[in-house]
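Subject: Handover of a structure and the findings on it

Dear colleague,

Please find below the structure that I am handing over to you. The findings follow directly after it.

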Amino acid sequence: MERWDKLHPPKDGALPPDVVARVISPVELRKHCTERDLWMSVRGLVYNVTAFQTFHPGGTKVLLEHAGEDATELFDANHSWVRAEVVLRDFVVGSLGGSAQPTPSPPPRSSPTPALFPAFQPGSAGRQATASPAL
């Protein structure tokens, strides 16, 4: 499988104002929920990810399961270190429900691994204390 980011390097910078100004209602978003017409919202922006499906590392199935809806929570749970507004910039079709500005990306984590192993995440309450050797 080819990687989208290798074929289409991300472009940084502001999104065109006319794209962000287009308001997509939740009702309109829900109409785009098929493999041939797949839209979803992440952090206040609506993306037409139809062409991205074959490049998605998690496969088409997970995208289809959340097609036509706000997928921010799922996206952040799995890709919190990814700036969707940069990586998926070419797919933005508008803002969800009148949100004039997209929600900023959360601060990046050093790696996706800590979420998989919460006991080893810095500052985690689940971290096991190690006994200091007696001197």
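A residue is called buried when its relative accessible area is under 20%, exposed when that area is over 50%, and partly exposed in between. By this rule Glu85 counts as buried, because its relative accessibility is 17%. Please bear in mind throughout that this is a predicted model.

Overall architecture

The chain contains seven helices and five strands. Their order along the sequence is α-α-β-α-β-β-β-α-α-α-β-α. Of its 135 residues, 30% count as buried. Among the contacts in the chain with a separation of 6 or more, 72% are made by residues 24 or more positions apart. The chain exposes about 8,800 Å², and carbon and sulfur atoms supply 59% of that area.

Salt bridges

The count of salt bridges comes to four. As a general principle, side chains of opposite charge can pair when their charged atoms come close.

The network around Arg43

Arg43, Asp76, Arg83 and Glu85 are linked in a network of salt bridges. Arg43 lies in the loop between β3 (37-42) and β4 (45-48). With a relative accessible area of 3%, Arg43 is therefore classed as buried. The backbone at Arg43 also deserves a remark. Most residues other than glycine have a negative phi. Arg43, although not a glycine, has a positive phi of about 55 degrees.

The side chain of Arg43 forms a salt bridge with that of Asp76, at 2.6 Å from N to O. This pair links distant parts of the chain, since Arg43 is in the loop between β3 and β4 while Asp76 is in helix α5, 33 residues apart. In contrast to the buried Arg43, Asp76 is partly exposed, because its relative accessible area is 24%.

Arg83 is located in the loop between α5 (72-79) and α6 (84-87). Its relative accessible area is 40%, so Arg83 is partly exposed. The side chains of Arg83 and Glu85 meet in a salt bridge of 3.5 Å, again from N to O. Arg83 and Arg43 are 40 residues apart along the chain, and their C-alpha atoms are separated by 9.9 Å.

The surroundings of Glu28

Glu28 is placed in helix α3, which covers residues 26-30. Which residues does the side chain of Glu28 meet, in a salt bridge and in a polar contact? The salt bridge is formed with Lys31, at 3.6 Å from N to O. The polar contact, of 2.8 Å, joins the side chain of Glu28 to that of His32.

Glu28 counts as partly exposed because its relative accessibility is 24%. Lys31, at 57% relative accessibility, counts as exposed. Glu28 may also be located relative to Trp39: the two are 11 residues apart in sequence, and the C-alpha to C-alpha separation in space is 9.7 Å.

Yours sincerely

Note on methods. Residues numbered from 1 in each chain as written. Predicted model: local features only at pLDDT ≥ 70, side-chain atom pairs only at ≥ 80, totals over all residues. Heavy atoms only, no water. Helix = DSSP H or I, 4+ residues; strand = E, 2+ residues; numbered from the N terminus. Buried < 20%, exposed > 50% of the residue type's maximum accessible area, 1.4 Å probe, protein only. Contact = heavy atoms within 4.5 Å. Areas by Shrake-Rupley, 256 points an atom, 1.4 Å probe, with all protein chains shown as cover. Polar contact = N/O pair within 3.5 Å; in protein donor to acceptor, adjacent residues only side chain to side chain.
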